[in-house]
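Keep the viewer open and follow along.

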Amino acid sequence: MSELIRAGLVQQRWTGDKDSMIAAAVEAIGKAASQGAQVVCLQELFYGPYFCQVQDTEYYSYTEGIPDGPTTKLMQEVAERHGVVLVLPMYEQEQPGVLYNTAAVVDADGSYLGKYRKNHIPQVKGFWEKFYFRPGNTGYPVFDTAVGRIGVYICYDRHFPEGWRALGLAGARIVFNPSATSRGLSQYLWRLEQPAAAVANEYYVGAINRVGVEPLGDNDFYGQTYFADPRGELVGDAASDTEDEIVVRDLDMDKLAEVRQLWAFYRDRRPDSYDWLVKP
C-alpha cells in the first residue's frame, strides 16, 4: 500500500488584532485535524498583519520568544490535543534588537523540534523587511517529525534555488513555503516557482499565501494556496484567491521514489563543478 501523508495548509485574511488571528488559526488547525490532517502549516507571520508594507517600530511589539513565548506554548498544547505536526511562522525576538522572521516546528506530541529563520530578506516597495528582520542564521534545517522529514523555506526565499536544494539534500520529503505575496508583484510566478522547485528537488512543496488587502497598504494578497507534487503537478485545486481556506490533501510518498528513480537528479549532480557558485 502507498504511504499517504495527509497535510494541511491554512490561508487567512487579517482580522484586525493578534488575539483573534491566533484564535482563528487554532480553529483552522482543529478543522484540518478533523479532516485527518497529520501536519499543518500556517501562513507567514500568521498572527499579525503584513506590517512590512510600512516601516514603523510600533510593529516590533509583535515579536515573541521562540520557543518560550506564549504562542509557541499554546500551539504545543494544540498540537498535542489534535496529534498533528505544526509549522508556525512568527516574528521572533532572540534578544532586544535582534529580530527574525521565523517558523517554529512542533511535533504531533507537542514537543518543540526547532526553528527555521528566513535567510533571504527583501527590501523593495511594500516589502520593507530589512527594517524588521535580520537574515537567518539557522542554515536550512530539516526536522524529523511524526510524518517524516520536513523543511521550511519562507516567502522571498523561494526565489533562491540553493536553499531548496539544501533541504532536499538533507532528506526533506515535504517543504512548506509560507508566504505573504501580492497580486501586482508576483502572481505570475506563484504557480511557476514552487512546482519547479518540487520537480528540481523531487519532493512535495506546500505553498501558502494570505488573502485580502490590509489597512497598512495596497498589497492585494491573492491566496491560491496549494500543494505541488514532485512532478510539478498540483495535488487537487489551489485555494481561493480572495477567501479564507483550509487546504487538506493526501500526499503519496511513494511518488518520491518513483520520480527519483526516473530522473535521478541527485545521482547526476556535479557538486565538484559548482564550488565557485558560493563565492561572494
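## Glutamine 53 and its contacts

Let's start with a single side chain. A polar atom of the glutamine 53 side chain lies 3.4 Å from the backbone nitrogen of aspartate 218.

Glutamine 53 sits in the loop between strand 2 (39-41) and helix 2 (70-82). Helices (H or I, at least four residues) and strands (E, at least two) are DSSP runs here, numbered from the N terminus. Buried means under 20% relative accessible area, exposed means over 50%, and partly exposed is in between (1.4 Å probe, protein chains only). Setting aside neighbours within four places in sequence, glutamine 53 is in contact with Gly126, Trp128, Glu214, Leu216, Gly217, Asp218, Asn219 and Phe221, where contact means heavy atoms within 4.5 Å.

## What kind of model this is

This is a predicted model, in which local features need pLDDT of at least 70 and side-chain atom pairs count only at pLDDT 80 or more, while totals for chains, interfaces and linings use all residues. Residues are numbered from 1 along each chain as its sequence is written, and side-chain values use heavy atoms, with hydrogens and water left out.

Next stop is strand 4 (residues 98-106), which is mostly covered: nine of its nine residues are buried. In a regular strand the side chains alternate between the two faces of the sheet. Here Val98, Tyr100, Thr102, Ala104 and Val106 point one way, Leu99, Asn101, Ala103 and Val105 point the other way, and all are buried.

What joins strand 3 (residues 85-95) to strand 4? Nine bridges do, and the two strands run antiparallel; two strands pair if DSSP finds at least two bridges between them. Strands 3 and 4 form a hairpin with two residues between them, and glycine 97 in the turn has a positive phi of about 85°.

Strand 4 is also joined to strand 5 (residues 112-117), by five bridges, and these two run antiparallel. Alanine 103 stands opposite tyrosine 116 in strand 5. This pair makes a hairpin as well, with five residues between the strands, and glycine 110 in its turn has a positive phi of about 90°.

## Salt bridges

How many salt bridges does the structure hold? There are 18, counting a side-chain nitrogen of Lys or Arg within 4 Å of a carboxyl oxygen of Asp or Glu. Aspartate 229 and lysine 255 make one of them, at 3.2 Å from N to O. Aspartate 229 lies in the loop between strand 14 (226-228) and strand 15 (245-252) and lysine 255 in helix 5 (residues 254-263), so this pair ties together parts that are 26 residues apart in sequence. Aspartate 229 is buried, with a relative accessible area of 3%.

Arginine 149 pairs with aspartate 144, with their closest N and O atoms 2.7 Å apart. Arginine 149 is partly exposed at 29% relative accessible area, and aspartate 144 is partly exposed at 49%. For arginine 270 and aspartate 272, the closest N and O atoms are 2.6 Å apart; arginine 270 counts as partly exposed at 45%, whereas aspartate 272 counts as exposed at 53%. There is a network to find too: salt bridges that share partners join Glu92, Glu94, Lys115 and Arg117.

## Lysine 73

Over in helix 2 is lysine 73, which is partly exposed, with a relative accessible area of 40%. Leaving out neighbours within four places in sequence, lysine 73 is in contact with Pro67 and Asp68. Lysine 73 and alanine 37 are 36 residues apart in sequence and 21 Å apart in space, C-alpha to C-alpha.

## Cysteines without a bond

A search of the whole structure finds zero disulfides, a disulfide being a pair of cysteine sulfur atoms within 2.5 Å.

Methods: Polar contact = N/O pair within 3.5 Å; in protein donor to acceptor, adjacent residues only side chain to side chain.
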